[in-house]
Amino acid sequence: GLSALFAFVPGVTINAIGLYMVFFVAYQGSLIYGKKDGAVNTAILALVSFLILIPLTEIMEEGAFQPIIYLNTSYIGSRGAFTAIITGLLVAKIYQLVIDKNWTIKMGEDVPPQVAKAFLDIIPAFIILSLFALVRWGFSFTSFGSATDFVYSILQTPLQTLTSSVPAFVILILVAQLLWFFGIHGSYTILPILMPIWMGYIQDNVAAYQ
């Protein structure tokens, strides 16, 4: 009975890894770009932007007055890992550019700081979410159907194929050891590049194990 008890856990952890990746990539990106005060808001904007890119399915169930919209959860897992990284970085950069150009709503000095900060993010949020809505709309006219499928087909799948063979894995490990020889932390240099690629195997391996 343990399987039935804990089976839901992977659904909100491993199988939803894209949600956490996009949030924390944008958060750290905002810190790197010097926008510490807006790091949390940037991360939330990135999360919303990531969800905008995910295909939705409308199903009219019997007796319903309007179609029920379903979110395809396969896109928030390892399939969307690369899209999450790209989205997080883009949102953090766009947010930084908009704030640096002072494209914001400024309140008077008598307005409480928390209220002023809330208005500060209105224009950046409008620009970012509008851009990602346009991206979603544009990809709906392509054979890929969505930006996530485009990234998965053009970038993630080829890279996974390239790094999934035994010779490729051995070469990468040898490169890591060679970097150690020169005083560079080989694992920390190689793994940040490869982990997003290898994470794409998690769901396949879980399915194979089951």
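What is the mean pLDDT of the chain, and what share of its residues reach 70 or more? The mean is 86, and 100% of the residues get to 70 or more. For anyone new to the term, pLDDT is the predictor's confidence in each residue, on a scale from 0 to 100.

So, some ground rules. This is a predicted model, where local features need pLDDT of at least 70 and side-chain atom pairs count only at pLDDT 80 or more, while totals for chains, interfaces and linings use all residues. Residues are numbered from 1 along each chain as its sequence is written, and side-chain values use heavy atoms, with hydrogens and water left out.

Okay, the overall layout. The chain has 11 helices and two strands; these are DSSP runs, H or I of at least four residues for helices and E of at least two for strands, numbered from the N terminus. Reading from the N terminus, the order is α-α-α-α-β-β-α-α-α-α-α-α-α. Confidence is highest in α4, at a mean of 96, and lowest in helix α10, residues 186–198, at 75.

Some overall numbers. Along the principal axes, the C-alpha atoms fill a box of roughly 65 × 60 × 40 Å. The chain has 210 residues, and 30% of them count as buried. Buried here means under 20% relative accessible area, exposed means over 50%, and partly exposed is in between, using a 1.4 Å probe and protein chains only. A contact means heavy atoms within 4.5 Å. Among contacts between residues at least 6 apart in sequence, 65% join residues at least 24 apart.

Now to the inside. A nonpolar core is a set of buried Ala, Val, Leu, Ile, Met, Phe, Trp, Tyr and Cys residues joined through side-chain atoms within 4.5 Å. The largest one has 24 residues, and L45, F50, V91 and I128 have the most contacts inside it. Four helices each supply at least two of its residues: α3 (17–32), α4 (39–52), α5 (81–100) and α7 (122–139). The largest share, seven residues, comes from α5.

Take a look at I128. Not counting residues up to four places away in sequence, I128 touches L45, S49, V91, I94 and Y95. There's also a second, separate core of nine residues, and F82, L172, I190 and I197 are among them.

Staying with helix α5, that's where you'll find T83. Is T83 buried or exposed? T83 counts as buried, because its relative accessibility is 3%. Leaving aside neighbours within four places in sequence, T83 is in contact with F50, L53, A147, T148 and V151.

Next, salt bridges. The rule is a side-chain nitrogen of Lys or Arg within 4 Å of a carboxyl oxygen of Asp or Glu, and by that rule the count is two. One joins the side chains of K35 and D100, at 2.5 Å from N to O. K35 sits in the loop between α3 and α4 and D100 in helix α5, so this pair ties together parts that are 65 residues apart in sequence. K35 is buried, at 16% relative accessibility, while D100 is partly exposed, at 43%.

Then there's the bridge between the side chains of D149 and R79, at 2.8 Å from N to O. D149 is in helix α8 (residues 147–163) and R79 in the loop between β2 (68–71) and α5, so this pair links parts that are 70 residues apart in sequence. D149 counts as buried at 11% relative accessibility, and R79 as partly exposed at 26%.

Out to the surface. The chain exposes about 13,100 Å², and carbon and sulfur atoms supply 71% of it; these areas come from the Shrake-Rupley method with a 1.4 Å probe, and for residues, only the protein chains shown count as cover. L2, L5, F6, F8, V9, V12, Y20 and F24 form a nonpolar patch, with about 830 Å² of accessible area together. Patches are made of residues with over 30% relative accessible area and no salt bridge, with nonpolar side chains (Val, Leu, Ile, Met, Phe, Trp, Tyr) joined within 5 Å and like charges within 9 Å. Helices α1 (2–6), α2 (9–12) and α3 each give two or more residues to the patch, and α1 gives the most, with three. V9, in helix α2, is partly exposed at 32% relative accessibility.

Last stop: N102, in the loop between α5 and α6 (113–120). Phi of N102 is near 60°, a positive value in a residue other than glycine. For background, most residues other than glycine have a negative phi. N102 is partly exposed, with a relative accessible area of 48%.
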